[in-house]
Amino acid sequence: MNIILTLMAVFAKVALGAFGGGLATIPFIHYELVVARPWLTETMFRDTIALAQMTPGPIALNSATFVGYRLGGFWGSLWATVALVGTPILVISFLLWLMSLASKKMRSRIDRFQKALRPAVAGMLVVAFWTLAKPLIPSRFESFRALAPELLLLALVGVCFVFSRLKLFRSYPQLIILLAAVVGLCCTPLLQVP
Amino acid sequence: MQRLWSLFVRFFRIGAFTIGGGIVMLGVIEAEMRALGELSDEEIADMIVLATAVPGPIATNLSFVAGRVLAGWPGALVSVIGTSLAPFLTILFLSSIILRHLGNPWLGSFFLGASAGVVVVVGNSLWKMIRTAVDGFPQAAAFVTTAVLMLGFGVHPFIALGAGALISIAGESLRGSGEGESA
């Protein structure tokens, strides 16, 4: 029971920080699940985000379901998801009530607030980017053999970047992730650290 | 009852087949609301403002608001569940498989490859966001503050976000009052 309650508390927090949608939640998920408590290793975190992005549904929702299942089975996944989806709904309900009291003024206030938040959200995205990109940067030079997997990954990043400029992938970034995953799968022998 | 069911089905379809994350879902839900023909453009715009200003997944927030407007609180509940159900079941199913094959090198390489793609997707999104949102000094200050607080000082994301937001909002209102004075 304890794990379920903690899961709910953590994902309620993640939900409340998720201004600006999907990708901006990544630093919150990372902080709560990797930094603040050792629930996920960096590798597990990376896999969670990848899985959450490849499948339909908001990234935060998918993360909650996955992590919840990992740590608390079916009920963990259910209640973590409920906490993530439900907490903002409470906020919305409150705002809806406020809006029913003074609608036009409230609306423009909310709109301005949201627009004002965007530079900070951009800051969050930088953090998200760095959290995800840092592990891919080679840290020590041991030998070319050891470096091969890392260089392969960097090359993959480069290829993905080029492809992402194409029109098809602009509309469906999930495809890039899926294709990159398949490439990774095919290169399994090459990616094993010797 | 019939109304609630059709609402549920509508949002279930959106949740199940919309690939592309929050912004795409926003567009899809908006299109569906227009197609319904029951809401004015202004009402739809209000819904979107509310759903995006509030923290949390845009898709479920918007589903909740739209469902509420269309069919009251039951409608809201039904719409949120509809949107969330397919992703939830999908991940549940995949999770049970993944957890059984955790040490598998093929699975590991699969996700490793995926993470390369994710870096690119996040990078592109970041670049787009910087180009549109950081268009002035207070915005740049807010942006840098949030990033530095987290990356340099490891503060809780809430604090970093809050600090950046304060700077940005302060900058906005200063700019507003400045223009007021010169006018």
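Q: Which residues does A:His30 touch, not counting residues up to four places away in sequence?
A: Contacts of this kind show what surrounds a residue in the fold. In this predicted model, A:His30 touches A:Val35, A:Glu42, A:Phe45 and A:Thr131, with residues up to four places away in sequence left out.

Q: Where is A:His30 found, and is A:His30 buried or exposed?
A: The element that holds a residue and its relative accessible area are read together. A:His30 belongs to helix α2 of chain A. Its relative accessible area is 13%, and A:His30 therefore counts as buried, the limit being under 20%.

Q: How many helices and strands does chain A have?
A: A count of elements gives the class of the fold, and their order gives the pattern. Chain A has nine helices and zero strands, and its pattern along the sequence reads α-α-α-α-α-α-α-α-α.

Q: What box do the C-alpha atoms of chain A fill, and what share of its residues is buried?
A: Overall dimensions and burial describe a chain as a whole. Taken along the principal axes, the C-alpha atoms of chain A fill a box of roughly 65 × 45 × 30 Å. Of the 194 residues in chain A, 54% are buried. Contacts in the chain can also be sorted by sequence separation: among those with a separation of 6 or more, 52% join residues 24 or more positions apart.

Q: Which domains are given for chain A and chain B?
A: A domain assignment divides a chain into parts, and the distance between their centres shows how those parts are placed. Chain A is divided into domain 1 (2-136) and domain 2 (139-194), with 27 Å between their centres, taken over C-alpha atoms. For chain B, the assignment gives domain 1 (1-110) and domain 2 (129-183), and the C-alpha centres of these two domains lie 31 Å apart.

Q: What area is buried between chain A and chain B?
A: The size of an interface is often given as the accessible area lost when the parts come together. Here the buried area is about 7600 Å², and carbon and sulfur atoms give 82% of that area. A:Pro56, A:Ile92 and A:Pro119 supply 8% of the area that chain A buries against chain B, more than any other three residues. The contact takes 90 residues from chain A and 82 residues from chain B.

Q: How many salt bridges and how many residue pairs in polar contact are found between chain A and chain B?
A: Such pairs are counted separately from the area. Across this interface the rule finds zero salt bridges. The count of residue pairs in polar contact, both at pLDDT 80 or more, is five.

Q: Which helix gives the largest share of the side of chain A that touches chain B, and what classes of residue does that side have?
A: A surface can be read by element and by residue class. Helices that each supply at least two residues to this side include α1 (2-17), α4 (59-101) and α8 (173-186) of chain A. The largest share, 23 residues, comes from α5(A). By class, the side has 63 nonpolar, 17 polar and ten charged residues.

Q: Where is the place of B:Pro138, and with which residues is B:Pro138 in contact beyond its neighbours within four places in sequence?
A: B:Pro138 lies in helix α6 (residues 137-153) of chain B. Because its relative accessibility is 17%, B:Pro138 counts as buried. Beyond its neighbours within four places in sequence, B:Pro138 is in contact with B:Ile167, B:Ser168 and B:Gly171. B:Pro138 and B:Gly171 are 33 residues apart in sequence, and their C-alpha atoms are 5.0 Å apart in space.

Methods. Residues are numbered from 1 along each chain as its sequence is written. Chains are lettered from A and ligands numbered from 1 in the order in which they are written. This is a predicted model: local features need pLDDT of at least 70, side-chain atom pairs count only at pLDDT 80 or more; totals for chains, interfaces and linings use all residues. Side-chain values use heavy atoms; hydrogens and water are left out. Buried means under 20% relative accessible area, exposed over 50%, partly exposed in between (1.4 Å probe, protein chains only). Contact means heavy atoms within 4.5 Å. Domain bounds come from an automatic or database domain assignment. Buried area is the accessible area (1.4 Å probe) that two parts lose on being put together, summed over both. A salt bridge is a side-chain nitrogen of Lys or Arg within 4 Å of a carboxyl oxygen of Asp or Glu. A polar contact is a pair of N or O atoms within 3.5 Å; within protein, one must be able to donate a hydrogen and the other to accept it, and residues adjacent in sequence count only if both atoms are side-chain atoms. Ala, Val, Leu, Ile, Met, Phe, Trp, Tyr, Cys and Pro count as nonpolar, Asp, Glu, Lys and Arg as charged, and the others, Gly among them, as polar.
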